[in-house]
Amino acid sequence: MASFLLHGIPVSRGIAIGRAHLLTPAALDVKHYLVPEEQVEAEVQRLQDAIAAVHHNLQELWTGLPKDAPTELGAFIDVHALILSDPMISEAPLDIIRARHYNAEWALVTQIDELSAQFDEIEDPYLRERKYDIQQVAERVLKVLTGTALSVAPVFADEDQPPPQMIVVAHDISPADMLAFRDRSFIGFVTDVGGQNSHTAIVARSLDIPAVVGMDQASRLVEQDDWLIVDGDAGVVICNPSQLVLEQYRARQITMAKARKRLLKLKKTPAITRDGTTITLLANIELPDDCPAALEAGANGVGLFRSEFLFMGRGAQALRIPDEEEQFEQYRKAVLAMKGRPVTIRTLDVGADKPLDQTDHTALNPALGLRAIRYCLAEPQMFLVQLRAILRASAFGKVRILIPMLAHAFEIDQTLGMIEQAKIQLRDEKIRFDEGIEVGAMIEIPAAALALPLFVRRMDFLSIGTNDLIQYLLAIDRVDYEVAHLYNPLHPAVLQLIASTIATGHKAGLDVAVCGEMAGDVKLTRLLLGMGLREFSMHPAQLLAVKQEILNTDLGVVTTRTRRILRAMEPGEIASAVEQLQTL
């Protein structure tokens with residue numbers, strides 16, 4: 001077979017070598033026929049039964065999530081359950097069957113095609129991409145109707161013969177379908193669509209599985225059982241590689257495995273640069289159950305507790321806001337689990353790519369709408385409940401409050417006023433909390449970075465959210481694969497804004513952290529150190545690799561080189577200089 005190379009977007013690092021397992025969309029080839037009048041209601045019932053079966057399947061998936069499953073999976077399954085309950089999916093196809101006498105499969109595909117066409121006309125790229133969620137839900141119903149439920153390569157009973165390692169290739173793959181592969185010989189995946197922060201990418205990084213997305217035609221060009229190499233570092237997929245190429249990549253796999261083993265020896269080693277500067281390495285978590293992984297990686301604490309996952313991943317209770325007691329218990333659990341290390345809890349950050357429910361998608365541009373602190377200040381009772389719960393947890397260990405998406409002085413003042421109101425209530429009720437609890441601001445809107453004096457006068461610390469900062473600064477929707485190639489952390493404007501934020505914060509005597517994707521990218525560790533960053537917060541899986549980079553860094557050298565990089569404007573010059581930092 002001919003060998004060929006495909007290029008896409010690297011979203012989860014590592015190398016996978018195995019056989020292609022194609023997931024063919026069921027909607028591509030469904031039967032089209034008219035149902036006799038006397039059989040119409042039976043056909044309606046057949047579709048209703050299929051929808052009910054998928055509902056049941058999603059609920060089983062949610063309740064059966066293993067303890068170590070990424071928390072995002074539960075939230076994504078909830079979203080699919082809500083879509084399935086929408087009348088546009090659960091009722092409109094039934095009307096088509098009754099009115100046009102279409103068979104169930106034809107009626108469902110007709111409705112999905114109409115909905116997809118409507119989404120294609122939406123100008124906002126984030127909303128436009130939501131059609132893939134609807135199509136994934138419809139796929140599950142069609143598989144029940146056609147009897148083509150997801151099948152995977154068989155697991156061999158013979159222990160002497162290991163199962164073939166499988167790489168899933170699909171136009172797109174839902175988080176629920178990914179779960180079906182979790183305990184199989186699934187080692188990587190490739191999709192036609194998706195970007196750095198699509199659902200697929202998030203779950204891939206959480207599972208630590210090599211993945212490349214946004215490949216456009218991969219599911220059409222790759223054939224079942226083709227040999228594939230997925231290079232999650234370079235964003236390359238090699239189909240039917242030669243023996244020489246195969247041997248080269250297998251050698252790289254062995255080298256990477258040995259490197260991972262060496263990293264484990266650094267768990268208890270302090271993160272100190274060659275010239276003696278101590279760096280703080282913190283973990284990003286979604287739920288208290290993530291704390292053991294943070295401790296296992298040697299984290300100095302939690303730099304970002306994404307509290308919204310307490311609100312989102314709630315199965316049948318998805319629409320019920322957790323009450324104060326429930327939130328308090330979860331925050332306290334995390335604080336106790338970290339055994340005296342600080343825990344920074346970000347207040348509710350919903351909206352945009354993290355809706356509490358489908359009705360939150362009504363904004364014309366969710367990324368610029370009622371989200372994060374704007375949402376919280378618009379729902380003061382809900383916000384007050386969360387603040388009380390966080391304050392109560394601070395009686396059990398070091399807790400800091402982090403406020404997302406601040407841009408205006410009045411937002412800071414209103415937030416601080418709400419925190420003071422929560423404190424007064426707890427004092428009146430004689431409930432203990434840390435009176436000196438620190439409050440920090442997420443710097444993720446360019447206006448905040450450019451008006452930083454407003455923030456340093458009012459806040460106790462800063463945390464730079466590079467994901468949103470880059471998105472807003474470059475006007476790039478980070479979940480839209482059509483423009484994902486423009487999402488560039490090395491853009492000179494991005495680098496200058498991050499560097500100036502770090503410098504201004506330190507000059508005011510504030511701790512400054514980076515908690516976005518850049519903090520966990522070892523290719524950028526020395527660059528951030530050269531900018532003056534002394535506090536990194538990242539996924540626990542990335543922590544040891546970053547620590548190794550820190551241990552091998554001479555701050556004096558990288559600081560001088562970084563100053564030159566910050567003066568550069570040409571993309572090629574910047575990229576080359578950053579690569580050279582790696583060799584120092």
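Modeller: A salt bridge here is a side-chain nitrogen of Lys or Arg within 4 Å of a carboxyl oxygen of Asp or Glu. This is a predicted model, where local features need pLDDT of at least 70 and side-chain atom pairs count only at pLDDT 80 or more, while totals for chains, interfaces and linings use all residues. Residues are numbered from 1 along each chain as its sequence is written, and side-chain values use heavy atoms, leaving out hydrogens and water.

Colleague: Great, how many salt bridges does the structure hold?

Modeller: There are 26 salt bridges in the structure.

Colleague: Nice. Which residue does R392 pair with?

Modeller: R392 bridges to E325, with 3.3 Å between the closest N and O atoms. R392 sits in helix α16 (residues 380-393) and E325 in helix α14 (residues 324-337), 67 residues apart. Helices (H or I, at least four residues) and strands (E, at least two) are DSSP runs numbered from the N terminus.

Colleague: And is R392 buried or exposed?

Modeller: R392 is buried, at 12% relative accessible area, and E325 is partly exposed at 40%. Buried means under 20%, exposed over 50%, and partly exposed in between, with a 1.4 Å probe and protein chains only.

Colleague: What about R346, which residue does its side chain meet?

Modeller: The side chain of R346 meets E308 in a salt bridge, 2.6 Å from N to O. R346 is in strand β11 (residues 343-346) and E308 in helix α13 (residues 308-312), so this bridge ties together parts 38 residues apart in sequence. R346 is buried at 5%, and E308 is buried at 0%.

Colleague: Which residue forms a salt bridge with D233?

Modeller: That would be R13, with the closest N and O atoms 2.8 Å apart. D233 is in the loop between β7 (227-231) and β8 (236-239), R13 is in the loop between β2 (9-12) and β3 (15-23), and they are 220 residues apart. D233 is partly exposed at 29% relative accessibility, and R13 is partly exposed too, at 45%.

Colleague: Switching to helices: at what angle do α1 and α7 cross?

Modeller: Roughly 120°, with the axes of α1 (residues 40-63) and α7 (residues 131-146) coming within 9 Å. Axes are lines fitted to C-alpha atoms, for helices over the stretch in contact, and angles run from 0 to 180 degrees between N-to-C directions. That makes α1 and α7 oblique to each other. Under 35 degrees counts as roughly parallel, over 145 as roughly antiparallel, 65 to 115 as roughly perpendicular and the rest as oblique.

Colleague: How do α1 and α4 pack?

Modeller: α1 and α4 (residues 92-100) pack at about 160°, with axes 9 Å apart, and are therefore roughly antiparallel. V40, E41, E43, V44, L47 and Q48 of α1 make the contact with P93, L94, I97 and R98 of α4.

Colleague: Last pair: how are α24 and α25 oriented to each other?

Modeller: α24 and α25 are roughly antiparallel. The axes of α24 (residues 555-567) and α25 (residues 571-581) cross at roughly 175° and come within 10 Å. V558, R561, T562 and I565 of α24 meet I574, A577, V578, Q580 and L581 of α25.

Notes: Contact means heavy atoms within 4.5 Å.
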